[in-house]
Amino acid sequence: MTDITTEKARIGAPSQPFINGFTEEGESLSPVNAAASKSPLAGEAVKRHSHGGGVGIPDSSRAGRLTSYKLADFKPLTGMEEDWRFTPLKRLRGLHTEVLNGAAPTVSVTAPDSVTVETVGRDDRRIGSAAIPEDRVSANAWENFTEATVITVPAEVQVDGEVSVLLTGQGTGASAQHVVIIAEKFSKSVVVLDHQGTAVVAENIEILVEDGAQLTVISLQEWNDDAVHASSQQARLGRDAKFKHIVVSLGGDLVRVTPSARFTGPGAEVELFGLYFADAGQHLEQRLFVDHSVANCKSNVLYKGALQGRNAHTVWVGDVLIRKEAEGTDTYEANRNLVLTDGARADSVPNLEIETGLIAGAGHASATGRFDDQHLFYLMARGIPEEVARRLVVRGFLNEIIQQIKVPAIEERLTAAVERELAATNH
Amino acid sequence: MSTLEIKDLHVSIDTEQGTKEILKGVSLTIRTGETHAIMGPNGSGKSTLASTIAGHPRYNVTSGTITLDGEDVLAMTVDERARAGLFLAMQYPVEVPGVSMTNFLRTAKTAIDGEAPKLRTWTKDVKAAMAQLRIDADFTQRNVNEGFSGGEKKRVEILQLELFKPKFAILDETDSGLDVDALKVVSEGVNRAHAEGNMGTLLITHYTRILRYIKPEFVHVFVDGQVVEEGGPELADRLEEEGYDRYATGAGAATIAAASAAAQA
Ligand SMILES: Nc1ncnc2c1ncn2[C@@H]1O[C@H](COP(=O)(O)OP(=O)(O)O)[C@@H](O)[C@H]1O
Ligand SMILES: [Mg+2]
């Protein structure tokens with residue numbers, strides 16, 4: 001265990017931009033810093049961010065964020081809020097302002113017989129078992145959904161193959177969706193949420209991983225170009241539970257995924273992975289939260305993104321909170337972005353809050369790099385055309401995440417999807 | 001039979017202090033089957049010459065020509081030069097994260113040959129070439145040059161030389177940083193490639209020790225962006241004894257004409 005002298009260190013924004021012109025704080029830890037930051041974080045509290053706006057609760061501890069099932073408890077959004085400051089609200093198409101009574105994406109589940117799939121009403125007792133809204137859009141979805149899909153993997157059942165949940169958008173009426181995934185004690189399973197078509201949807205995914213259960217949830221966003229999607233995916237982990245979460249965002253006009261993991265017993269482990277590829281005009285945002293409130297749990301976070309084309313914009317915010325009682329915590333989070341063309345922008349903000357010195361390890365890294373001319377020269381000097389060289393590097397960069405999926409059909413599908421993204425713009 | 005011809009090459013780079021001329025009129029002709037050594041002190045412009053032949057965008061050719069069998073090399077892109085048969089073993093090979101050696105080698109071979117190599121024979125060829133260069137088999141799973149030691153990087157450059165079979169190999173200080181064993185292994189690789197009979201070699205080096213293993217027919221002494229003396233292998237022996245000191249920087253130019261005339265005679 002490492003003793004940290006300062007009771008609370010907030011590790012915030014790094015300084016020098018890796019790419020000139022990337023002005024938002026945080027997105028650009030140099031690789032040197034990134035490499036060095038796997039050390040336990042000690043020393044004085046780092047300077048707070050200055051966020052401009054100042055409305056809402058900027059920069060307060062993540063622990064203080066409002067949570068409620070009631071929409072009315074959340075003030076209307078202005079865009080100045082800490083958790084909305086990167087999101088173009090106009091493009092939310094009413095998810096934060098309208099009654100969400102449009103047709104929700106249809107849900108079609110393919111699962112082995114051992115898995116129970118139900119469609120239930122709002123008053124089902126399992127609703128609310130793993131999640132509580134943390135922002136206005138999530139609360140709006142909670143207030144407006146009419147029925148929910150509940151997927152239960154019974155205790156001690158090991159599911160062969162994956163549970164496939166196809167969510168197909170039904171058009172541009174603003175809608176609400178609710179899914180509950182319950183992995184009962186000592187079960188083992190993989191659930192794939194496959195988002196396709198055109199939708200304007202606010203979604204709450206509740207994920208309960210009971211004691212000793214092992215669950216992988218893969219959320220694929222392969223929407224059409226005009227889709228708008230805000231998805232809160234909250235997981236609650238029991239003792240010795242293992243949870244792996246993989247977010248893949250490729251399609252859609254605006255996709256904002258906010259995964260979180262909360263521990264309720266010791267010995268649990270969470271891995272959060274993400275892959276995103278934004279092209280011209282797309283806004284792909286991911287904000288995650290790992291709440292270490294129990295002793296001796298582990299978390300590991302890696303998100304990788306590629307960007308190409310004018311006004312391609314990605315946002316990654318990684319909040320990891322190690323509370324006073326979470327002694328023995330071991331956590332690491334990293335975000336890496338690869339900018340392929342001019343005019344794209346990657347924001348990357350790791351926030352690591354540490355309230356106890358008695359941890360096993362805590363680190364973070366963030367790097368946003370350009371496809372490097374030296375890489376390109378080396379590959380081209382071996383006869384490889386520029387286009388192919390670029391593809392080789394991006395494929396390699398993103399493959400680290402794709403490899404985590406371990407469902408061959410989906411790995412192949414995503415590899416092909418990444419190829420299509422690369423082929424889309426000819427740079 | 002191919003010819004790589006460099007004529008009166010002037011090259012400059014842009015620095016913060018402005019344009020700096022590095023190559024000041026270099027002429028050199030290499031034919032298939034020949035090995036030319038370019039020897040010179042640090043900073044004399046050897047890597048600049050090598051990188052310019054390969055087409056690195058940092059180097060601006062202000063005058064002069066490079067042709068390969070009469071074709072204008074300077075008009076070609078970097079990848080076109082490689083596909084035309086030029087290979088540069090770099091002094092500092094670049095690490096390319098995310099791209100496995102296997103994938104890289106196959107992609108490059110496909111680009112150079114214009115068709116994908118037959119998988120079974122290719123895998124066998126790669127394995128055999130790696131074994132000869134004493135490169136661990138598990139290197140194929142690693143990313144290009146990532147985390148390789150200096151010596152490993154140089155071996156992997158020569159691995160590519162053997163697999164890609166270029167018309168002309170430019171070896172930029174491939175010997176630097178190698179211990180004696182590695183130097184032998186690497187030299188044997190170059191000699192094997194040369195022995196196939198379809199390659200000319202431009203061996204750039206600071207030291208003479210690699211010339212014990214690779215025998216050049218021609219030696220060119222490079223000082224301050226120019227060839228200041230040319231001769232046969234005996235010139236290398238003299239350099240070994242006397243070093244570069246007698247070519248006082250700047251003074252070389254005046255004596256070059258006489259020196260090279262003597263060498264040609
Ligand atoms: N990237 C660079 N920036 C500034 N000067 C350079 C750069 N590359 C080469 N030079 C200068 O050009 C000259 C020749 O360098 P180089 O070709 O690397 O020589 P050599 O390979 O013979 O050691 C040196 O004076 C060196 O300082
Ligand atoms: Mg050099």
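Me: What makes the pair between ligand 1 and the polar backbone atom of B:G45 a polar contact?

Reply: In this predicted model, an oxygen atom of ligand 1 lies 3.0 Å from that backbone atom of B:G45. A polar contact is a pair of N or O atoms within 3.5 Å (within protein, one must be able to donate a hydrogen and the other to accept it, and residues adjacent in sequence count only if both atoms are side-chain atoms), so the pair at 3.0 Å qualifies. An oxygen atom of ligand 1 is also 3.3 Å from a polar side-chain atom of B:K20, and one is 2.9 Å from a backbone N or O atom of B:K46.

Me: How much of ligand 1 does the protein bury?

Reply: The protein buries 66% of the 550 Å² that ligand 1 exposes when taken alone, by the Shrake-Rupley method with a 1.4 Å probe.

Me: Which elements give two or more residues to the shell around ligand 1?

Reply: They are β2 (18–31) and α1 (46–54) of chain B, and α1(B) gives the most, with 3 residues. The elements are DSSP runs numbered from the N terminus (helices H or I, at least four residues; strands E, at least two).

Me: Which residues around ligand 1 come nearest?

Reply: Of the 13 residues around ligand 1, these are B:G43, B:K46, B:S47, B:T48 and B:R58, where a residue is near if one of its heavy atoms lies within 4 Å.

Me: What makes β3 and β11 of chain B a pair?

Reply: DSSP must find at least two bridges between two strands. Strand β3 (residues 35–39) and strand β11 (residues 218–223) of chain B share 4, in the parallel sense, so they are paired.

Me: Why are β6 and β12 of chain B at the edges?

Reply: The open sheet runs β6-β9-β10-β3-β11-β12 in chain B, with mixed pairing. Strands β6 (86–89) and β12 (226–231) of chain B each have a single partner strand, so one side of each lacks a neighbour in the sheet.

Me: Which strands of chain A are joined by 5 bridges?

Reply: In chain A, β2 and β5 (residues 163–168) run antiparallel over 5 bridges, and A:V107 stands opposite A:L167 in β5(A).

Me: How are residues, chains and ligands labelled, and what limits apply?

Reply: Residues are numbered from 1 along each chain as its sequence is written, while chains are lettered from A and ligands numbered from 1 in the order in which they are written. Local features need pLDDT of at least 70, side-chain atom pairs count only at pLDDT 80 or more, totals for chains, interfaces and linings use all residues, and side-chain values use heavy atoms, with hydrogens and water left out.
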